[in-house]
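Have the structure open while you go down the list.

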Amino acid sequence: MLKNKTAIVTGGTRGIGFAIVKKFLENGANVVIAGSRQETVDKALSQLSEYGEKVTGICPDLCNPEDVQKAFLDIKERFGSIDVLVNNAGISSRTSIYDYTIEEFSKILDINLKAVFVCTQAVARIMKEQGQGAIINTSSMVSKYGQPSGCGYPATKFAVNGLTLSLARELAKDNIRVNAVAPGVTRTDMVASLPKEMTDRICAGIPLGRMGEPEDIANACLYLASDMSSYVTGVVLSVDGLATN
């Protein structure tokens with residue numbers, strides 16, 4: 001589905017991001033993993049050695065426009081194009097409003113929102129010149145329902161939704177599609193460490209009767225990255241088993 005396309009996946013070293021990377025590789029794409037540290041990128045690449053030169057890694061400061069622009073131009077020079085960007089890098093928080101520091105709040109804003117803006121701006125310039133492209137942002141079910149603590153995280157995901165809808169309208173004239181995927185509770189490393197009674201309770205509130213797997217989210221991203229969704233833009237696609245809170 002992605003043969004001859006090149007994709008960049010931020011936060012692609014583990015969890016949902018790694019599943020997206022693997023799914024894209026399985027479908028013929030060249031994939032660039034953008035990670036926060038070289039050692040985590042190298043670890044991810046070692047698990048994907050069977051794909052050879054079709055996968056590589058970079059570690060730009062995602063909040064630094066010059067750093068990101070240089071890294072993306074280098075990727076375009078190597079592979080000839082950048083067809084897909086998945087803005088997946090992000091951090092969460094459960095800190096109470098009474099204990100939130102401005103430093104913690106600013107860090108979440110930087111990684112979850114500012115980095116999305118910086119990477120999108122850089123890749124949009126390249127995609128406009130190419131005449132096409134697809135941008136996929138990772139949102140969350142809490143962008144619809146909020147959460148009982150850690151208000152910075154849902155605040156950034158609400159903002160990601162707004163950025164997605166606005167840029168879909170702005171970039172449509174350049175044949176650049178912008179969509180988002182909003183995962184529900186997904187079996188990442190963090191969730192896997194929870195006690196069974198807690199995960200059972202979580203699943204009991206999901207109509208489909210189970211939590212999501214990283215591959216469920218990767219499948220949605222594959223669709224939005226491929227030509228099968230050529231007439232889809234400005235969508236925040238829920239992949240949450242019909243979660244309601």
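1. Start with the helix pair: α1 goes past α9 in a right-handed crossing. Keep in mind that this is a predicted model. The two helices, residues 15-26 for α1 and 214-225 for α9, have axes that come within 8 Å and cross at roughly 50°. That angle is why α1 counts as oblique to α9.

2. Who sits in that contact? On the α1 side you'll find Gly15, Ile16, Ala19, Ile20, Lys23 and Phe24, and they meet Pro214, Glu215, Ile217, Ala218, Asn219, Cys221, Leu222 and Ala225 of α9. By type, the residues of the contact split into 10 nonpolar, 2 polar and 2 charged.

3. Next, the largest nonpolar core, which has 31 residues; Ile8, Phe72 and Ile135 touch the most other members. At least two residues each come from β2 (30-34), α3 (65-79), α4 (102-130), α6 (152-171) and β6 (176-183). The top contributor is α4, with 9 residues.

4. Ile135 deserves a click. Leaving out residues up to four places away in sequence, Ile135 touches Leu85, Asn87, Thr120, Val123, Met127, Leu171, Ile176, Arg177, Val178 and Asn179. Apart from the core in point 3 there is another one, of 29 residues, including Ala19, Val31, Leu48 and Leu224.

5. Last, is Thr199 buried or exposed? Thr199 belongs to helix α8 (residues 196-204). Its relative accessibility is 13%, so Thr199 counts as buried, the cut-off being under 20%. Thr199 and Lys114 are 85 residues apart along the chain, and their C-alpha atoms are separated by 32 Å.

Definitions and conventions
Residues numbered from 1 in each chain as written. Predicted model: local features only at pLDDT ≥ 70, side-chain atom pairs only at ≥ 80, totals over all residues. Heavy atoms only, no water. Axes fitted to C-alpha atoms, helices over the stretch in contact; angles between N-to-C directions. Helix = DSSP H or I, 4+ residues; strand = E, 2+ residues; numbered from the N terminus. Parallel < 35°, antiparallel > 145°, perpendicular 65-115°, else oblique. Left-handed = near helix turned anticlockwise from the far one by under 90°. Contact = heavy atoms within 4.5 Å. Nonpolar A, V, L, I, M, F, W, Y, C, P; charged D, E, K, R; others polar. Buried < 20%, exposed > 50% of the residue type's maximum accessible area, 1.4 Å probe, protein only. Core = buried A, V, L, I, M, F, W, Y, C linked by side-chain atoms within 4.5 Å.
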